[in-house]
Amino acid sequence: MYNERDLEAFSNAKNLVKLMKRYTDFNKHTLDVTMNKGESFSRRDAHRYCYLVKEGYFKINATNAQGNHFLMLMEAGHIIFFPLYYSIVFNDLVATALSEAHCLRIESEFLKKVFALEDPHNHIALRYLTQVSRHFYSSLALITLSSKQRIIYILIELIDTFGRHTKAREIELPSFVNYETIAEFARCSRSYTISVLTTLRKQNIISSKKSGWIVLDEDLLRKEDYGQKKRYV
């Protein structure tokens, strides 16, 4: 068994960069890049690289013959297109910046070499799998919920993952939160999402303005969840 704090201490972004910088060819195999809001790149097109997010937010979607489906969010400290497998490559994955984002682009083969030499016990890979499994577990939970419950569930996920407390009960959500993103994440139509969120706004549970979205009463929002979040997380 592994202690999550120990995994975090070893595999956080700062330590990962420190490990890579031990090698004199670090600058040859890495590049600082800036992604504009809405800019996308696919696993198929970026097959040689993975991206360590230094600042900003990304959504990961699966784009295939069945459509375009939201899978998970990634923030600073996460690695997009982590080179976990040698033989299995998920080419239908697409990463899209939800805000201006700064990343370290890393050649996958270089990162694999660093892992092999510096992390023989696979602590970094284990932490990555832990992060991804939680995201997919939440995605799976959505399937069992009603449309309204999915919207509430997503709001609580955003609070728990990205929320920033500004007052006793008020929580500020990231700048990418809007009707469109909540509808996509909750797999609901935009019109229905607006209807549910308008009701929450009238109940003084949330505030949605151009300046940003704020949860005014977290306790009331969690009561609206009917205990669903507690069941699955």
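Predicted model: local features only at pLDDT ≥ 70, side-chain atom pairs only at ≥ 80, totals over all residues.
Begin with the rings of Phe, Tyr and Trp displayed; pairing by ring centres within 6.5 Å gives a count of 12 aromatic pairs. Select F41 and Y51 from this set. Their ring centres are 4.4 Å apart and the planes meet at 45 degrees, so the pair is classed as tilted. F41 belongs to strand 2 (residues 40-42) and Y51 to strand 3 (residues 49-55); the pair links distant parts of the chain, 10 residues apart. Colour the two residues by accessibility: F41 has 11% relative accessibility and counts as buried, and Y51, at 6%, also counts as buried.

Next, select Y57 and F162. This aromatic pair is edge-to-face, with 5.2 Å from centre to centre and 85 degrees between the planes. Y57 is found in the loop between strand 3 and strand 4 (58-64), whereas F162 is in helix 6 (residues 147-162), so the pair ties together parts that are 105 residues apart in sequence. F162, by contrast, is buried, at 11% relative accessibility.

Finally, select Y49 together with R105. Here the contact involves a charge and a ring: R105 lies over the face of Y49, 4.0 Å from the ring centre.

Conventions. Residues numbered from 1 in each chain as written. Heavy atoms only, no water. Phe/Tyr/Trp six-rings, centres within 6.5 Å; stacked < 30°, edge-to-face > 60°. Helix = DSSP H or I, 4+ residues; strand = E, 2+ residues; numbered from the N terminus. Buried < 20%, exposed > 50% of the residue type's maximum accessible area, 1.4 Å probe, protein only. Lys NZ or Arg CZ within 6 Å of the ring centre and 35° of its normal.
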